[in-house]
Amino acid sequence: MKSFGWSLVTLLVAALAVALLAVLPWWSAAIVAALLVAWLLATRAGRQALSVTQVGISTMPQRLGAASVVVVGIAGVVGVLVALLAMAQGFQATLQETGNDDTAIVLRSGSQTEINSAMDHDTTVAISNEPQVMRDAQGRPIASPELVVVASLPKKSSGLDANVEVRGLGQGAWALRTNVRLLAGRRFTPGLRELIVGKRAMSEFEHTELGSKIDLGGQPWTVVGEFDSADEHDSELWGDGDAIASAYRRGEGRNSVTVRLKDPHLLDAFKAALASDPRFKVDASTTRDYYSRQSELLTRTIRILGTTVAVIMAIGALFGALNTMYAAVATRTREIATLRAMGFRGGPVVVSVLIETLLLALAGGIIGAAIAWAIFDHYTASTLGANFSQVVFEFRVSPTLLVNGLKWALAIGLVGGLFPALRAARLPVTDGLREL
Amino acid sequence: MKYLHLVWSTLFRRKTRTIFTIVSVIAAFLLFGLLDSVRGAFANAGHNVAGANRLITMSKQSLVVALPTSLLMRIQAVPGVKTVTYANWFGGYYQDPKNQLVTEAVSNNYFDLFPEFGLSAAELRAFHSTRTGAIAGASLAERFHWKVGDKIPIQATIFPQKGGSNTWTLDLVGIYHVADPNLKAEEGALFFNWDYFDQAAQFGGGTAGWYIDRVAQPKDADRVAHAIDALSANSDHETKTQSEDAFTAAFVSQFADIGLIVGSIMGAVFFTLILLTGNTMAQAVRERIPELAILKTIGFSNRSVLSLVLAESVLLLAIGGAVGLAISGIAVSGIRAKLGPQIPMLPVGGAAWLRAVALMIAIGLVVGALPARRGMQLRIVDALSGR
């Protein structure tokens with residue numbers, strides 16, 4: 001009964017420590033570490049703990065197999081967690097960076113994506129001419145009625161056909177997307193069957209090199225340039241809206257209009273102006289909103305998946321760590337009992353076992369995070385995006401993710417070390433000395 | 001078998017250690033069950049025996065580009081083609097944009113090509129005679145509590161009606177079931193009359209999104225596919241015809257390389273597991289060297305000592321693995337019940353158990369090998385004297 005009570009208290013302490021670890025920022029862990037070092041060096045009990053720890057660490061090479069269970073188990077958890085979250089983060093960032101607050105996208109009412117939206121010529125003209133839309137030096141609205149079609153091209157990785165988004169741009173597109181840089185070649189000529197290819201589309205799909213021909217709407221189109229916009233548009237092929245519309249027999253119809261607002265605050269006025277026009281039913285949102293919405297579902301799915309997998313792996317690793325540390329305590333029973341008989345208190349013993357486990361856990365966390373970082377930072381992947389075509393994105397292993405991974409490692413180490421540490425401290429000295 | 005008791009009692013000689021190890025094994029196989037179920041759902045998509053004689057004809061440019069309905073008669077005339085039908089993607093959502101639907105407008109002979117849906121003659125008659133008639137998959141109907149006879153308002157995301165309304169009200173006249181548990185995801189679709197779509201849609205009518213062709217002989221499929229594509233060669237609507245399997249496989253591969261992701265995670269998990277159980281077994285044998293020596297003294301052969309240790313490690317994996325996989329089975333059916341069959345997870349069935357058992361035995365043998373060899377090679381005199 002008493003031991004059950006003890007276990008319960010230990011469990012609560014462990015849970016509290018893990019919760020603190022999860023909530024507090026990384027620098028508070030650094031402060032705790034600094035305080036611990038100060039205690040180890042300055043006080044009598046601390047110096048005792050330090051010397052017990054040194055003995056424990058110096059015997060580590062003799063139990064390399066057992067120690068590696070802790071390190072590798074935790075490295076696995078952290079590696080998988082960081083890699084999956086880096087995927088979610090990369091996808092989310094790619095889409096979110098595509099939008100901003102100054103530009104608004106107008107879709108047919110009820111459509112959530114461009115490819116599902118449609119509007120006729122009069123509508124696109126009326127939207128572009130709303131008073132909230134910024135105008136360029138020549139007095140033309142900075143607006144781009146755009147056409148989105150999907151073409152099939154073989155992927156370099158699998159050779160299988162995959163969907164690639166082809167965007168037909170309107171006149172104001174370049175003034176809208178000032179972040180776009182040409183990496184090679186030149187812009188397409190309006191009216192001609194010419195395309196420029198986003199740098200990610202170029203690395204992902206066959207037949208997209210400069211000068212090659214792509215079949216769109218049954219006609220050959222020439223690739224004349226490569227562009228980099230550092231966002232979702234990098235997965236697209238761009239051409240002149242009118243030329244693409246005629247290839248796909250879309251006439252004057254377009255999917256969406258993107259406009260630059262004179263001021264981000266004018267969005268509500270812009271929306272009201274569109275809503276009051278009886279000729280059409282359309283909805284406007286900032287491009288930041290629009291692209292963020294598109295990343296939500298997949299990002300959330302990957303996050304849930306990643307966390308679930310990591311939690312299950314963490315349970316496995318935790319029990320591995322418990323086993324190892326109990327065994328470590330057991331093999332050192334006589335040594336610990338001797339120390340206690342010499343007058344060492346329980347505290348230093350507890351601390352030394354904990355420190356040993358946390359060091360192993362930290363090593364595992366660092367190895368796992370480093371492997372995930374080395375393999376997956378800037379790793380390119382692609383998935384089917386909202387416009388029914390491939391969105392190519394890079395995994396992003398950010399410092400926050402790495403710190404989170406290390407927190408998981410420390411949490412597993414903490415729980416895995418606490419129970420064996422308390423067992424070591426509560427060992428009856430006489431029994432321990434008699435142990436063979 | 002007669003040594004089972006002996007193996008069992010040595011396994012639980014150190015209860016805490018064995019139980020901790022088993023918990024780790026449970027976690028690993030729980031993960032195996034869950035991930036294998038996801039992987040299976042993607043790998044299995046489209047592997048449908050009933051679909052072996054179905055071809056899908058779509059625009060060569062992309063699935064999004066529609067084809068003229070005039071192709072129907074010409075495909076019908078291709079030798080080897082038994083029946084042809086066509087469908088248009090409609091999409092839409094029910095009540096909330098979060099409830100996106102898989103809705104297709106289908107021509108009236110569509111269900112003749114899908115006998116596995118098991119629709120009754122009465123339901124088919126009602127579908128043909130009701131202009132706004134619709135047929136839903138059983139799990140979709142269950143999810144939104146639809147019953148035959150209900151009026152279902154669908155919000156269009158692509159196709160408004162003439163007059164601009166986004167609301168399409170359909171009359172549910174039938175519900176179809178898919179018997180194969182691995183293909184339950186196909187129960188998530190909603191079908192309505194192409195004629196209604198054609199007449200009521202503001203645009204998009206008069207075209208077919210894709211054709212589905214049933215060939216008389218599956219072995220003729222390739223020849224028929226080429227013949228169909230030849231019909232429109234060099235026209236402005238060239239087609240690409242492929243088997244249902246190939247079509248689905250190409251589509252699924254666009255989402256992500258699921259195999260690679262699952263494979264990498266499983267690799268990390270089982271590598272850790274081998275190390276972990278290997279360490280436990282090594283400890284267990286190290287502690288028991290004198291006991292093993294006694295076994296040998298009383299006449300156990302080297303080989304039986306070897307098999308005892310191997311049996312112990314396989315048993316360790318088998319207990320944990322069976323519990324873990326059983327938990328994953330419960331978890332998967334719970335998730336499927338809660339989120340509906342459109343979630344890409346297969347039930348944990350016989351094939352998954354077979355793979356898991358093979359893994360348990362293989363890992364058990366691998367981690368038991370070194371300790372077992374040590375037990376086999378020990379010299380009785382040395383072991384008994386503690387050298």
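Which residue in strand 4 of chain B does B:W89 stand opposite? It's B:E104, and I'll come back to that pair in a moment.

Some housekeeping. This is a predicted model, where local features need pLDDT of at least 70 and side-chain atom pairs count only at pLDDT 80 or more, while totals for chains, interfaces and linings use all residues. Residues are numbered from 1 along each chain as its sequence is written, and chains are lettered from A and ligands numbered from 1 in the order in which they are written.

Okay, the sheet in chain B. Nine strands make an open sheet, in the order 6-7-5-8-4-3-10-1-11, with mixed pairing. At the edges sit strand 6 (151–155) and strand 11 (239–243) of chain B, each pairing on one side only. On average, neighbouring strands here are turned by 35° against each other, direction ignored. On terms: helices (H or I, at least four residues) and strands (E, at least two) are DSSP runs numbered from the N terminus, and two strands pair if DSSP finds at least two bridges between them. Axes are lines fitted to C-alpha atoms, for helices over the stretch in contact, with angles from 0 to 180 degrees between N-to-C directions.

Back to our opening pair: strand 3 (residues 81–89) and strand 4 (residues 102–106) of chain B run antiparallel over three bridges.

Now over to strand 11 of chain B. Strand 1 of chain B pairs with strand 11 in the antiparallel sense over five bridges, and B:I56 stands opposite B:Q242 there. Four of the five residues of strand 11 of chain B are buried, so that strand is largely enclosed by the rest of the structure; buried means 20 or more other C-beta atoms within 10 Å of a residue's own, with C-beta atoms placed from the backbone.

What lies across strand 11 of chain B? Helix 7 (residues 221–231) of chain B does, at about 165° to strand 11, and also lies across strand 1 (54–59), strand 3 and strand 10 (210–215). Helix 8 (residues 244–252) of chain B lies across strand 1 and strand 11, at about 105° to strand 11.

Last stop, the interface. 44 residues of chain A are in contact with 39 residues of chain B, contact meaning C-beta atoms, placed from the backbone, within 7 Å. On the chain A side, the largest share, 12 residues, comes from helix 10 of chain A. Other contributors of two or more residues include helix 4 (64–96) and strand 2 (143–154) of chain A.

Technical notes. Two residues are in contact if their C-beta atoms, placed from the backbone, lie within 7 Å. A residue is buried if 20 or more other C-beta atoms lie within 10 Å of its own, exposed if 12 or fewer, and partly exposed in between; C-beta atoms are placed from the backbone.
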